[in-house]
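Trainee: I'd like a close look at one single residue and what is around it. Could you walk me through that spot?

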Amino acid sequence: MKKAIVCTVGALAVVFASGTMAADAALGKAKAAGCSGCHGLNGMSNNPMYPNLAGQKDAYLAKALKDYRDGNRKDPMMEGMAKALTDDDIANIAAFYSSQKP
Ligand code: HEC
């Protein structure tokens with residue numbers, strides 16, 4: 001019984017820690033599933049109209065996404081994609097793409 005409680009507390013600690021910790025590339029990868037159609041599975045696009053994101057600086061990626069979301073950078077495709085993202089989503093997605101090899 002005591003063991004079960006310890007386990008539960010441990011699991012909760014992990015959940016809370018990941019909520020407040022620095023960006024999570026694995027979560028970002030999951031969130032980026034809908035981006036791969038244009039930007040490629042790992043951020044390398046095979047369409048000349050869509051930029052590569054792999055290996056880009058994470059702060060730059062995060063800024064670009066916030067700019068699209070908040071209307072400071074205009075692109076009809078990206079505005080629609082960025083609207084649904086929270087700050088946490090953006091941090092995670094930026095961590096994912098910046099960690100990919102171009
Ligand atoms: C329908 C195609 C499409 C989809 C889907 C899409 N993008 Fe884009 N993305 C673009 C295009 C086109 C641009 C370049 C727009 C411009 O000129 O500003 C762009 C630009 C970007 C940039 C800026 C790159 C730079 O070098 O400045 C980022 C970051 C980005 N997209 C991230 C994402 C993320 C994250 C998703 C998924 C949530 C996503 N995109 C989904 C088409 C798409």
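Which helix does Arg 69 lie in?

Mentor: Arg 69 is part of helix α4, where a helix is a DSSP run of H or I at least four residues long, numbered from the N terminus (strands would be E runs of at least two). Before we zoom in, keep in mind that this is a predicted model, where local features need pLDDT of at least 70, side-chain atom pairs count only at pLDDT 80 or more, and totals for chains, interfaces and linings use all residues. Numbering starts from 1 along each chain as its sequence is written.

Now, the spot itself. Arg 69 counts as buried because it has 20 C-beta neighbours inside 10 Å; buried takes 20 or more other C-beta atoms within 10 Å, exposed is 12 or fewer, and partly exposed is in between, with C-beta atoms placed from the backbone. In the protein, 24% of the 102 residues are buried.

Who are the partners? Setting aside neighbours within four places in sequence, Arg 69 is in contact with Ala 82, Lys 83 and Leu 85 (a contact is two C-beta atoms, placed from the backbone, within 7 Å). Glu 79 is 10 residues from Arg 69 in sequence, and their C-alpha atoms are 5.6 Å apart.

Leu 65 also touches Ala 82 and Leu 85, along with Ile 90 and Ile 93, leaving out residues up to four places away in sequence. Leu 65 takes us to the largest nonpolar core, which has 17 residues; Leu 61, Leu 65, Ile 93 and Ala 94 have the most contacts inside it. A core like this is a set of buried Ala, Val, Leu, Ile, Met, Phe, Trp, Tyr and Cys residues joined through C-beta atoms within 7 Å. Two elements give it two or more residues, α4 (58-70) and α6 (87-98), and the largest share, seven residues, comes from α6.

Helix α4 turns up at the ligand too. α3 (36-39), α4 and α5 (76-83) each supply at least two residues of the shell around the ligand. That shell has 18 residues, and the closest are Cys 35, Cys 38, Ala 64, Asp 75 and Met 81; a residue is near the ligand if its C-beta atom, placed from the backbone, lies within 6 Å of it.

Stepping back, the protein has six helices and zero strands. Its average pLDDT (the predictor's confidence in each residue, from 0 to 100) is 88, and 79% of the residues score at least 70.
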